[in-house]
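Work through the exercises below with the model open. Each task is followed by a stepwise solution.

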Amino acid sequence: MEVFALVGPLYRRVQRKVETDVPEQGLSVGVRAVLDLIREHGPMTVPQMGRAQALSRQFVQRMVNDALAAGLVEAVPNPAHQRSSLIRLTDGGRAAIAAVLAREHGLLRQIGPDVSEADVATTVRVLGRMLELFDDVDVN
């Protein structure tokens with residue numbers, strides 16, 4: 001429970017920081033999340049993105065629509081499903097998310113030398129297992 005007590009406020013503070021910094025890049029927090037998800041996993045459908053991020057399909061669709069309008073992503077035919085296009089990054093989308101991530105990584109490097117790569121790896125492993133515990137929770 002101590003982890004949950006820290007993760008909630010941490011998430012909200014990081015989100016607030018992203019909200020204040022990302023507009024300089026012309027991206028909302030939601031569009032930033034879509035771009036990063038596609039950068040990490042490759043082209044995806046809107047429902048796949050929603051499941052991956054535990055967000056409603058409708059919210060993800062709005063963020064994808066914003067990214068499409070800005071020319072950051074494009075919809076391409078999905079060989080596995082005619083009515084659910086794959087969304088992929090454009091060159092502009094790749095450049096935008098690379099710039100945002102570079103700035104964010106610079107900020108996160110300020111954590112300091114007392115947090116090792118092993119500490120980070122352990123944290124990621126533990127949080128991943130905690131997330132798996134709640135895989136059955138429907139967010140829609």
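**Exercise 1.** Determine how α2 and α4 are oriented to each other.

*Solution.* Step 1: α2 covers residues 29–41 and α4 covers residues 57–69. Helices are DSSP runs (H or I, at least four residues), strands likewise (E, at least two), numbered from the N terminus. Step 2: the helices pack at about 85 degrees, with axes 9 Å apart. Axes are lines fitted to C-alpha atoms over the stretch in contact, and angles run from 0 to 180 degrees between N-to-C directions. Step 3: α2 and α4 are therefore roughly perpendicular, a label for 65 to 115 degrees. Step 4: Gly30, Val31 and Val34 of α2 meet Phe59, Met63, Val64, Asp66 and Ala67 of α4; contact means heavy atoms within 4.5 Å.

This is a predicted model, where local features need pLDDT of at least 70, side-chain atom pairs count only at pLDDT 80 or more, and totals for chains, interfaces and linings use all residues. Residues are numbered from 1 along each chain as its sequence is written, and side-chain values use heavy atoms, leaving out hydrogens and water.

**Exercise 2.** Is arginine 32 buried or exposed?

*Solution.* Step 1: locate arginine 32 in helix α2. Step 2: its relative accessible area is 13%, so arginine 32 is buried (under 20%; exposed is over 50%, partly exposed in between; 1.4 Å probe, protein chains only). Step 3: list contacts, skipping residues up to four places away in sequence: Val18, Ile97, Val100, Leu101 and Glu104.

**Exercise 3.** Classify arginine 88 by its relative accessible area.

*Solution.* Step 1: find arginine 88 in strand β2, residues 86–89. Step 2: at 37%, arginine 88 is partly exposed.

Technical notes
Angles under 35 degrees count as roughly parallel, over 145 as roughly antiparallel, 65 to 115 as roughly perpendicular and the rest as oblique.
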